[in-house]
Each structure stands twice: as C-alpha cells, then as structure tokens.
Amino acid sequence: MKHEDILVELEAYCKSVGLKPSTVCVRALNDSRYAKRMKRRLVAIERDAEKLRKYMAENPPPPQERAA
C-alpha cells in the first residue's frame, strides 16, 4: 500500500461520514496532525524525487568501454 492510497481512502471516508480528517485521525490514532504531516511528507518526497531525476539526467554515467 502506498501512502497516497491511505490518504485517498481517508478523504473518501471523511466525505462519506461528514467528518474532518483530523477528527478521524484523533479517534483512530490519537493524532490530529497525521493527515497533514503525511501530505507534507508526500509533497517533499515528490519534490526530492524530481530533483534527483533532474540531477541524474544532467549527469549521466560515463560511457562504458566495450570489451574486445
């Protein structure tokens, strides 16, 4: 399961029962900030992944020599 999946499930659940994600997280985890922290973490992971991909694209490995 990906972290994005649980956030989508949480948001769908909250919409269906008329509660805020923070309320559900308090009731389930005793942590009202869980959903917000998870969203921030996912944004940071995606941002960092973009930077890594850009770096690797701009700095490819040197060509390998063929064995004779």
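**Exercise 1.** Decide whether Glu11 is buried, partly exposed or exposed, then find its charged partner.

*Solution.* Keep in mind that this is a predicted model. Step one: look up the relative accessible area of Glu11, which is 38%. Step two: compare that with the cut-offs, where buried means under 20% and exposed means over 50%. Glu11 falls in between, so it is partly exposed. Step three: look for a partner. Side chains of opposite charge can pair when their charged atoms come close. Here the side chain of Glu11 meets that of Lys39 in a salt bridge, at 3.1 Å from N to O. Step four: check where the two sit. Glu11 belongs to helix 1 and Lys39 to helix 3, 28 residues apart, so the pair ties together distant parts of the chain. Lys39 is partly exposed too, with 38% relative accessibility.

**Exercise 2.** How many salt bridges does the structure hold? Work through the one between Asp31 and Arg37.

*Solution.* The total is 4 salt bridges. In the one you want, the side chains of Asp31 and Arg37 come together at 2.5 Å, N to O. Now take each residue in turn. Asp31 has 19% relative accessibility, so it counts as buried. Arg37 has 31%, so it counts as partly exposed.

**Exercise 3.** Which residues form the negative surface patch, and which helix gives the most to it?

*Solution.* Start with the members: Glu4, Asp5, Glu9, Glu46 and Glu50. Then sort them by element: helix 1 (3–17) and helix 3 (34–58) each give two or more residues. Helix 1 gives the most, with 3 residues. Glu9 lies in helix 1 and has a relative accessible area of 43%, so it is partly exposed. A patch residue needs over 30%, and Glu9 with its 43% passes.

How values were computed. Residues numbered from 1 in each chain as written. Predicted model: local features only at pLDDT ≥ 70, side-chain atom pairs only at ≥ 80, totals over all residues. Heavy atoms only, no water. Patch = residues over 30% accessible without salt bridge, like charges linked within 9 Å, V, L, I, M, F, W, Y side chains within 5 Å. Areas by Shrake-Rupley, 256 points an atom, 1.4 Å probe, with all protein chains shown as cover. Lys, Arg positive; Asp, Glu negative; His and termini not counted. Charge placed at Lys NZ, Arg CZ, Asp CG, Glu CD. Helix = DSSP H or I, 4+ residues; strand = E, 2+ residues; numbered from the N terminus. Buried < 20%, exposed > 50% of the residue type's maximum accessible area, 1.4 Å probe, protein only.
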